[in-house]
Amino acid sequence: MMEMGKAKKRIYISLLLISIAILAALATAGVSLYFNRFTRFYKWTLFAILVILTALIVLLSLGLAATVLTLWHVKGFFGLERLINFSVNLLFPITVALGRVFHIPKDLIKSSYIEVNNNLVKAKNYRLKPADVLILAPHCLQRWDCPYKITADVKNCRRCGRCDISKLIALAEERGVHMAVATGGTLARKIVMDLRPKAIVAIACERDLSEGILDTNPIPVLGILNIRPEGPCVNTKVDVKKVKEALEFFLMGREKELKADEEQEPAISCSENTN
Ligand code: SF4
């Protein structure tokens, strides 16, 4: 145990030393660049840095343009799905930091990120087998005084109906998908590693959902925010209708939307005829 503790400390101290060495190298390079800015070596170094930065900015701009187009009712990613993921996920911590500067609440930025993520997921068409889909719920949905340990197995729930867990289990059984309840990010990651789903319908607060979406990337996640009538982390609730819609999207894709469009069409042609 003592050895393990020492090894852990060594890792952190080594990383700290490397960070200071990098900072010192950057400072030295900056000073040298200032005093020798016309020498060839520094010119080329500066040029290489500029090329890398420009390439990164071009990539991020392309990714953001594709994101905006996708969100702007254009269905499909133009083959830029990876680039979109890369840009949105890389810029996420920067947007949170910027939000701090402009005094925008963290939860507001995170819920906006979840909304963007959901819309990007919905730009793609899925038709997955029920066994490939997982409903991942937070432990706080369970009544705080319920004695049954549903994090080990949701089937331990006695379905008394005092919390939304019973409705979610009924929905999961009806659709034949997996369902699990996690106490936090570590257990959620373990569940995802064990079950290896191809899509996840996740319920949680802004912080856990945004972290979970980033963690499980590139697995598509439709995030649904929990409802907190008694404050955070206790006796929370969820709009089961939204969970059902998210499941239907992964199981039936856009078929539902297309059917809805087809149902609307005759009504339009009818009114055209009457004119
Ligand atoms: S439905 Fe009842 S038994 Fe099931 S988790 Fe909620 S309180 Fe416990």
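Modeller: Of this protein's 275 residues, 23% count as buried. Keep in mind that we're looking at a predicted model.

Colleague: Fine. How many helices and strands does the protein have?

Modeller: There are 9 helices and 4 strands. Going along the sequence, the order reads α-α-α-α-β-α-β-α-β-α-β-α-α.

Colleague: Now the helix pairs. At what angle do helix 4 and helix 7 pack?

Modeller: Helix 4 (residues 106-122) and helix 7 (residues 206-216) meet at about 45°, and their axes lie 9 Å apart. An angle from 65 to 115 degrees would be roughly perpendicular, and one under 35 roughly parallel. This pair is therefore oblique. As for handedness, helix 4 passes helix 7 in a left-handed crossing.

Colleague: Which residues make the contact?

Modeller: Start with the general idea: an α-helix has 3.6 residues a turn, so residues three or four places apart point the same way. Here, helix 4 contributes D107, K110, S111, Y113, I114 and N117, while helix 7 brings E206, R207, L209, S210 and I213. Sorted by class, that contact holds 4 nonpolar, 3 polar and 4 charged residues.

Colleague: And which residues of helix 7 are buried?

Modeller: E206, D208, L209, S210, G212 and I213. Their cover includes helix 4, helix 6 (185-195) and strands 1 (133-138), 3 (199-204) and 4 (221-225).

Terms used
Residues are numbered from 1 along each chain as its sequence is written. This is a predicted model: local features need pLDDT of at least 70, side-chain atom pairs count only at pLDDT 80 or more; totals for chains, interfaces and linings use all residues. Axes are lines fitted to C-alpha atoms, for helices over the stretch in contact, and angles run from 0 to 180 degrees between N-to-C directions. Helices (H or I, at least four residues) and strands (E, at least two) are DSSP runs, numbered from the N terminus. Angles under 35 degrees count as roughly parallel, over 145 as roughly antiparallel, 65 to 115 as roughly perpendicular and the rest as oblique. A crossing is left-handed if the near helix is turned anticlockwise from the far one by less than a right angle, and right-handed if clockwise. Two residues are in contact if their C-beta atoms, placed from the backbone, lie within 7 Å. Ala, Val, Leu, Ile, Met, Phe, Trp, Tyr, Cys and Pro count as nonpolar, Asp, Glu, Lys and Arg as charged, and the others, Gly among them, as polar. A residue is buried if 20 or more other C-beta atoms lie within 10 Å of its own, exposed if 12 or fewer, and partly exposed in between; C-beta atoms are placed from the backbone.
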